[in-house]
Structure formats: C-alpha cells, structure tokens
Amino acid sequence: MKLSKDYWENRYKSKSTPWDIGYVSTPIQDYIDQLKDKNISILIPGAGNAYEAEYLWKQGFKNTYVVDIAKSPLDDLKRRIPAIPSNQILFNDFFNLDETFDLIIEQTFFCALQPTLRDKYVSKSYDLLSANGKVVGLFFDFPLTKEGPPFGGSATEYRNRFKSKFKIKTLETSYNSIQPRANKELFFIFEKKNL
Ligand SMILES: C[S@@+](CC[C@H](N)C(=O)[O-])C[C@H]1O[C@@H](n2cnc3c(N)ncnc32)[C@H](O)[C@@H]1O
C-alpha cells in the first residue's frame, strides 16, 4: 500500500496533501519566465494538481504534458483548464511512459518516490528526453532517512546520481524558494549528455 497508486489517490481524496502549495513555485515560475521557445514539449511527472502546468499553459506553452498515477488531481486540472487536450493529461505511471520531451520539470515528485527508485528515475528521465533535453526543478536539501515522503537528499548525492547521464549545469541552494522551503531546496538544471 505504501506509495502505491491507492496510497496517493487516498491522500488526494482525504485532502491530506501538505506538499500542495496551491500555485506554481517561484523558482520554477522564474525559470519558465525566461524560456523563449514556447513550442517545446514539456513533461511534469507526478504533477498532482499541476499548478506548473496551469502556469505554462497560460503563458502559451501548449505542448505541456502531465503524468500522475492518481486520477483526482488530473480531473481537477482538466476542470480548471478544459482546453488542455486529454492526451496531454496522462493518467499513468511515469516509469511506463514512452513519449519524448524537450524538458522535464521536477517539483516534489522525486522526493515522493521510494529512494530505491532514484537510479530508475535518472535513467527514465534520460530515455524520455530528446537530444540535449533537460530535467529542471527542485530537490529537497535535508538528510535522507527512512522517514518519508518527502525523502531528502544532498547536492552530493544528486550530483553523483545524475552525472553519468547528465551535464550538471546548475545545482545550488535556491535563492527564490517559497518561504517555508527557504534553504531547504536546491534548484537544478541537468542537461542530457550525448552518450
Ligand atoms: C508529493 S506529490 C507532488 C505533487 C505535485 N508535484 C505538487 O508539487 O503538488 C507526488 C505526486 O507523485 C505522484 N506519483 C507517485 N508515484 C508516481 C509514479 N510512479 N508515476 C506518476 N506519478 C506518481 C503522486 O500521485 C503525487 O501526485
């Protein structure tokens, strides 16, 4: 049950969603605001209520996709933005996807997975990205323990996990985090290597 599809669905149904900040997080908003090409394909994995997708859509990024194993938040996104094509709202397991994207935006999905899945996340992200594609977003910066989700980690761990498949362009304490997460998260830009 722990971290299964039912577990996540029940968290939404019981409104036990402390991770849900209710709007696009500021570091991700600032990153989106400097993107020039609005035609790129973007995936938000473990999107939940997907405020990042809503923001992207409203900024004109019409090639935005979300995936989640819980259906309730996806239904909610569709209610909020009926214009998003249904085939861009993927009710699926991230690890079962086989499309290709130019950008993956990470926001409290990695930390929600069992830590044993971290290397699988790295290789799946690599496989889902087009040449020179990027994973960009936020990772928590607090010690990894058995307690979670959210499961923590450190810059050293994240660098070591991603560096064989990705160029580490940025990995630093986020300067524009929302207040409750100040100094507790790292903003990163990892670019797919041509292997
Ligand atoms: C902590 S929540 C974060 C949701 C959203 N990113 C946010 O910041 O509000 C983690 C999300 O990942 C989803 N999830 C967990 N495992 C998944 C998987 N294997 N594939 C797709 N989604 C998954 C859960 O259903 C949940 O919506």
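What radius of gyration would a compact globule with 195 residues have?

**View 1. The whole chain and its overall size.** This is a predicted model: local features need pLDDT of at least 70, side-chain atom pairs count only at pLDDT 80 or more, and totals for chains, interfaces and linings use all residues. Residues are numbered from 1 along each chain as its sequence is written, and side-chain values use heavy atoms, leaving out hydrogens and water. A compact globule with 195 residues would have a radius of gyration near 16 Å, and the chain agrees, at 16 Å. That radius is taken over C-alpha atoms; the globule rule is 2.2 Å times the number of residues to the power 0.38. The C-alpha trace spans about 40 × 40 × 35 Å along its principal axes.

View 2. The chain has 6 helices and 7 strands. Both are DSSP runs, numbered from the N terminus: helices are H or I with at least four residues, strands are E with at least two. Their order along the sequence is α-α-β-α-β-α-β-β-α-β-α-β-β.

**View 3. The shell around the ligand.** The ligand is surrounded by 18 residues. The closest are Y12, G46, D68, Q107 and T108. Here, a residue is near if one of its heavy atoms lies within 4 Å of the molecule. By class, the shell holds 11 nonpolar, 5 polar and 2 charged residues. Ala, Val, Leu, Ile, Met, Phe, Trp, Tyr, Cys and Pro count as nonpolar, Asp, Glu, Lys and Arg as charged, and the others, Gly among them, as polar.

View 4. A polar contact is a pair of N or O atoms within 3.5 Å. The side chain of D68 has an N or O atom 2.5 Å from an oxygen atom of the ligand. For Y12, a polar side-chain atom lies 2.6 Å from a ligand oxygen. For T108, a polar side-chain atom also lies 2.6 Å from an oxygen atom of the ligand. Alone, the ligand exposes 590 Å², and the protein buries 96% of that. These areas come from the Shrake-Rupley method with a 1.4 Å probe.

**View 5. Two cis peptide bonds in one loop.** G148 and P149 are joined by a cis peptide bond, with omega about 0 degrees. The bond from P149 to P150 is cis too, with omega near 0 degrees. P149 is in the loop between β5 (129–140) and α6 (155–162). P150 lies in the loop between β5 and α6.

**View 6. The backbone at K15.** K15 is not a glycine, yet has a positive phi of about 55 degrees. K15 lies in the loop between α1 (5–13) and α2 (26–33).

Methods:
Polar contact = N/O pair within 3.5 Å; in protein donor to acceptor, adjacent residues only side chain to side chain.
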